[in-house]
Amino acid sequence: MPPTLASLVHHSALKLTVRAGEERLDVPVRWAHVSELADPVPYMEGGELLLITALKLDAEDPEAMRRYVRRLVGAGVVGLGFAVGVNYERTPEALVEAARAEGLPLLEVPRRTPFLAISKAVSAAIAADQYRAVTAGFAAQRELTRQALGGGPEGLLTALAAQVDGWAALYDASGAVVAAAPEWAGRRAGRLTADVERLRERPAPASSVVTGGQGGEDPAEDRVELHSLGTGRRPRAALAVGTAAAPGTAERYAVHSAVALLTLLTERSRSLHAAEQRIGAAVLRMLLAGEPDHARAVAGDLYGDLLDAPFRLLLAEASGDAADGAGDPLGGLAEAVESAAARAGEPVLVVPEGAEGRRLVVLAVDGGAGVRACAEYAAGPAAAGSAEELVMGLSGPAGPTGAGGAYRGAEQALSVARRRGRVLVEHERMATGSVLPLLADDAVRAFADGLLRALREHDATGRGDLVASLRAWLSRHGQWDAAAADLGVHRHTLRYRMRRVEEILGRSLDDPDVRMELWLALKATSDPAD
């Protein structure tokens, strides 16, 4: 610890005597400074032991001493050393009373003790304290390194918490807590996810300080430092360190060492992740090529039983601006899926696809955390209003031999999501829903308008009601009496109109394909006036 007034008083060679402020001798001394100015305050920084002989002071004037001492206390001076046997044979009572009134420690310095000796003692104590801090810091660095190499992040966090006499927690790329020490710290760390998210929005390296805890087993008041981890534009993880007060020099060494070691671990994990993605891309190509046995042989134990259990395949695409921008919706989706699967202990395959990385393929356990994370990401604020930036298509359940069909199903769902302006469309929902929403497409509308244009032009001249008659006839599956009753006309009139429809269109209504196309055209261009 740094030198204090008490340590100087107990220094046998200095022979200092306490004349006032005995209760405040445990205050740290940042420096010893000599000044005979009548007002040395402009040159004080706080934390000094001021040494004087009262060469330019009337130390026997009570009012002058009260003003003098009051200004020293206001400037943060922690003690006053008064040399006797120079200008005054003993410490003036006016100065003693003023120091007592303000609670300022007053040390009497004998004539045989030069101010230089006091300055040297303070300097030597500060140097010794710094040496101890550096030595402790190096010892902490060695211990943290040993834990990082042997016990991984969990062991490192445990060692760091002990070094700072507090707690530590590690967050993954999605902002979720992945490890904490001691065990109770996980709850405290979990309440900082919003602060971690704000930190992750800043370029790495970045740090911030959060103060104030919540009761219970956690400290009622703590100071938490947050540090981003990683060397890329987007931080890969974050470290939280909670302490009762600002860390000292040794504790600061430990925190900085932990940040460096965790960054190295993160970057190593990043390299391993990139290699895993390359293997995943090869495995995916084999699955899509109908070679599940080869895919299993290449994957080994990397994806557990993912290639044997029912899985779902998700395709996600980002627009050019979104893929290149700071938002990186595909990167955020990948982080969310991988983090959710890791927390649930599930295997997941995430592979960027395409030369520019604007498509992502996810293979996740059917009904598992990875699939849920896709749905939550689509519904969450990260994807809100992002239909032009991020679209996703999710296949139905499939096995290894059905990977190709799952991919096609995901592509179909992706296409529908793009046309509908939706973030996520599930292929199963397409199959159980109506086909009519799929007609909301400019190309379909253009085809329908062209197919029915001649009939509408005929009706516009007032020569009949062919479009309404065609709709009624098709809706009644070609039943003449029922359709004629709906229209309020004789069935012979309806037969005449259908012949006119065939003549104008040049197509036979006996052909089921023609009837189907005409019905879909009517639905695609439906108008309440028809």
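Which residues in the largest nonpolar core touch the most other members?

Guide: This is a predicted model, in which local features need pLDDT of at least 70 and side-chain atom pairs count only at pLDDT 80 or more, while totals for chains, interfaces and linings use all residues. Residues are numbered from 1 along each chain as its sequence is written, and side-chain values use heavy atoms, with hydrogens and water left out.

The largest nonpolar core has 27 residues, and those touching the most other members are Val283, Leu287, Leu307, Leu313, Leu315, Leu349 and Leu363. Such a core is a set of buried Ala, Val, Leu, Ile, Met, Phe, Trp, Tyr and Cys residues joined through side-chain atoms within 4.5 Å; buried means under 20% relative accessible area, exposed means over 50%, and partly exposed lies in between, with a 1.4 Å probe and protein chains only. Two or more residues of this core come from each of helix H8 (249-288), H9, strand E11 (311-318), strand E12 (348-353), strand E13 (359-365) and helix H13 (403-420). Helices (H or I, at least four residues) and strands (E, at least two) are DSSP runs, numbered from the N terminus. The largest share of the core, eight residues, is given by H13.

When its neighbours within four places in sequence are set aside, Leu315 is in contact (heavy atoms within 4.5 Å) with Glu353, Arg359, Leu360, Val361, Val391, Met392, Gly393, Tyr407, Ala410, Glu411 and Leu414. Two of these names, Leu360 and Met392, return in a second, separate core of 26 residues, which also includes Leu330 and Ala378.

Val298 has its place in H9 (residues 292-299), and Val298 counts as partly exposed because its relative accessible area is 39%. Together with Ile279 and Leu302, Val298 forms a nonpolar patch on the surface, with about 210 Å² of accessible area for the three together. Patches are made of residues with over 30% relative accessible area and no salt bridge, like charges being joined within 9 Å and nonpolar side chains (Val, Leu, Ile, Met, Phe, Trp, Tyr) within 5 Å; a salt bridge is a side-chain nitrogen of Lys or Arg within 4 Å of a carboxyl oxygen of Asp or Glu. Accessible areas come from the Shrake-Rupley method with a 1.4 Å probe, and for residues the protein chains shown are the sole cover that counts.

Another enclosed element is helix H16 (466-475), which is largely enclosed by the rest of the structure because nine of its 10 residues are buried. The buried residues of H16 are Leu466, Val467, Ala468, Ser469, Leu470, Arg471, Ala472, Trp473 and Leu474. H16 is followed by His477, whose phi is positive, near 55 degrees, and His477 counts as exposed because its relative accessible area is 71%. Most residues other than glycine have a negative phi, and most peptide bonds are trans. Asp165, in the loop between helix H5 (152-164) and strand E6 (167-171), likewise has a positive phi, near 55 degrees. The peptide bond from Ala181 to Pro182 is cis, with omega near -5 degrees, and Pro182 lies in the loop between strand E7 (177-181) and helix H6 (185-190).

A loop residue can also be buried, as Thr113 shows: Thr113 sits between strand E5 (106-109) and helix H4 (115-150), and Thr113 counts as buried because its relative accessibility is 5%. A polar atom of the Thr113 side chain lies 2.8 Å from the backbone oxygen of Leu14.

For the whole chain, there are 19 helices and 15 strands, and 46% of the 530 residues count as buried. Among contacts with a separation of 6 or more, 63% join residues 24 or more positions apart. The accessible surface of the chain comes to about 26,300 Å², with 52% of that area belonging to carbon and sulfur atoms.

How values were computed: Polar contact = N/O pair within 3.5 Å; in protein donor to acceptor, adjacent residues only side chain to side chain.
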